[in-house]
Amino acid sequence: MPALWTPSDKLLLASMSATRLALLVSAGLPVETQDSAIDERAVEHAAVHEGLDPPALAARLAEEKALAVSRRHPDRVVIGADQVLACEGRVFHKPADRPAAEAQLMALSGRRHALHSAGALAIGGQVVERILGTAHLTMRPLTEEAVELYLDLAGPDVLRSVGVYQLEGFGVHLFEAVEGDHSTILGLPLLPLLASLRRLGCLAL
Ligand SMILES: Nc1nc2c(ncn2[C@H]2C[C@H](O)[C@@H](COP(=O)(O)OP(=O)(O)OP(=O)(O)O)O2)c(=O)[nH]1
């Protein structure tokens with residue numbers, strides 16, 4: 001069976017995101033996952049103190065996740081990732097619970113937001129490639145009743161998404177317009193990632 005992936009060990013995904021794992025597996029990459037277990041809020045606090053904008057914050061978090069796992073596995077190709085949602089100067093994260101999800105959707109309702117998805121490839125405890133993708137989504141004006149019904153229909157999985165939606169699922173009902181790459185919206189810009197892996201000699205295709 002010809003191999004797509006040339007390294008002897010699988011790609012190590014420093015993420016617990018089922019969505020990111022599915023994207024890489026669908027692209028035919030042999031993947032293992034490991035939680036970076038970094039303190040994202042502490043990294044974010046320092047980054048905001050430095051004045052990093054949302055894309056740079058996503059990049060910093062992706063790098064820290066990749067480096068944390070790469071230091072434990074210096075001989076592996078490691079990918080870390082992070083996604084930041086920005087809307088009219090506010091940065092949003094995955095909601096802690098259903099009330100937070102309702103409030104977040106009401107804040108995004110009728111507005112256009114950006115999803116900044118960053119990735120970092122690390123080998124030997126060093127970042128060797130950085131990727132970034134941005135998409136913009138315009139959400140329909142939603143009543144509180146519509147938000148309640150959507151959350152009842154979509155179920156608890158959407159609490160694992162930074163925007164409280166899965167665009168490839170029920171989330172599609174929330175939007176008037178979507179601009180940008182699908183994998184960037186799901187949390188990992190595949191086209192620049194595959195270009196980086198090709199540059200590193202990891203792909204036979
Ligand atoms: N299936 C799906 N997932 C989405 C969508 N939009 C965002 N997401 C997910 C991808 C990520 O799992 C999550 C973004 O949050 P984070 O970047 O903090 O990653 P997460 O905490 O899930 O995992 P990690 O921090 O990498 O261990 O939202 C979407 O439209 N569909």
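**Note on the ligand and its pocket**

1. An oxygen atom of the ligand is 3.4 Å from a polar backbone atom of Arg160. The pair falls under the heading of polar contacts (N or O atoms within 3.5 Å). The model is predicted, so local features need pLDDT of at least 70 and side-chain atom pairs pLDDT 80 or more, while totals for chains, interfaces and linings use all residues. Residues are numbered from 1 along each chain as its sequence is written, and side-chain values use heavy atoms, with hydrogens and water left out.

2. A ligand oxygen is 2.9 Å from a polar backbone atom of Gln83. On the side-chain side, an N or O atom of Glu168 is 2.7 Å from a nitrogen atom of the ligand. Of the 620 Å² of accessible area that the ligand has on its own, the protein covers 92% (Shrake-Rupley method, 1.4 Å probe).

3. The shell around the ligand holds 20 residues, and the closest are Ser15, Ser17, Lys65, Lys94 and Glu168 (a heavy atom within 4 Å counts as near). By class the shell has seven nonpolar, six polar and seven charged residues, with Gly counted as polar.

4. Strand S3 (78-87), helix H1 (18-26) and helix H6 (182-186) each supply at least two shell residues. S3 gives the most, with three. Helices are DSSP runs of H or I with at least four residues, and strands are runs of E with at least two.

5. The ligand sits in the largest pocket, meaning that more than half of its atoms lie within 2 Å of the pocket's grid points. A pocket is an open set of points on a 1 Å grid over the protein atoms alone, where a 1.4 Å probe fits, with protein on both sides within 12 Å along at least five of seven lines; lining residues have an atom within 4 Å of a point.

6. The volume of the largest pocket is about 780 Å³, taken as the space filled by probe spheres set on the points. Its lining has 32 residues, with Ser17, Arg20, Lys94, Arg160 and Ser161 nearest the centre. H1, helix H2 (40-49), helix H3 (54-72), S3 and H6 each give two or more residues to this lining.

Definitions and conventions: A polar contact is a pair of N or O atoms within 3.5 Å; within protein, one must be able to donate a hydrogen and the other to accept it, and residues adjacent in sequence count only if both atoms are side-chain atoms.
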